[in-house]
Amino acid sequence: MAYAPTKRRGIRRKSPSLVVLNITSMLDMFTILIIFLLKSYSAEGVILTIPADLHLPDSTTQSQPVPGLIIELSKEVIVVNGTPLPLDLGKVESSDSLMIPELYDYLSKRVRQYEEISSANPDVKFTGRMVLEGDREIPFRLLKKILYTSGQAGFINQSLAVFTKE
């Protein structure tokens, strides 16, 4: 007569009893997972909000944008830090002058505000940084005028926002 292997060796199965779950090791594991996820999804650098109608050019650059004044340039409007400027871009593009007076006036006011803040608080320093978010379809002539006008107003550290190809 054949016996089950456990009975042959004299090993008996224990009857079911109350199993106590040790949650200390599970809490340690969850803590490690939360720290890992927080570190993985933390944002660093500058977060740029790109409007839906703005299509940035592609690039292979790996450099991160630096914080500064943000100028959005679409086909219809120029927006400086969320404020649209009342400009006719067709006239601006067709003019012979590199200077855009309305943009220069607005940016000069911003420079004066930065300088007043800098004089009141020595920890804050005006660096003249700006980030231009330009649509890939805008003419280079218009882009050149905006860069020239911003430089004349005091924003000499200029960066172009692009999509980085992986």
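**View 1. Strands β2 and β5 run side by side in the parallel sense.** In this predicted model, β2 (residues 69–73) and β5 (residues 129–134) are joined over five bridges. Two strands count as paired if DSSP finds at least two bridges between them; strands are DSSP runs (E, at least two residues), as helices are (H or I, at least four), numbered from the N terminus. Look for E72, whose bridge partner in β5 is E133. Residues are numbered from 1 along each chain as its sequence is written. Local features need pLDDT of at least 70, and side-chain atom pairs count only at pLDDT 80 or more.

**View 2. Five strands make an open, mixed sheet.** Read across, the order is β4-β3-β2-β5-β6. At the edges are β4 (83–85) and β6 (157–160), each pairing on one side only. From one strand to the next, the twist averages 25° (axes are lines fitted to C-alpha atoms, for helices over the stretch in contact, and angles between N-to-C directions run from 0 to 180 degrees).

**View 3. Helix α4 lies across part of the sheet.** Helix α5 (residues 140–153) touches β2, β3, β5 and β6, at about 165° to β5. Contact means heavy atoms within 4.5 Å.

View 4. Not counting residues up to four places away in sequence, V80 touches L69, I70, I71, L85, L103, Y106 and L107.

Key
Side-chain values use heavy atoms; hydrogens and water are left out.
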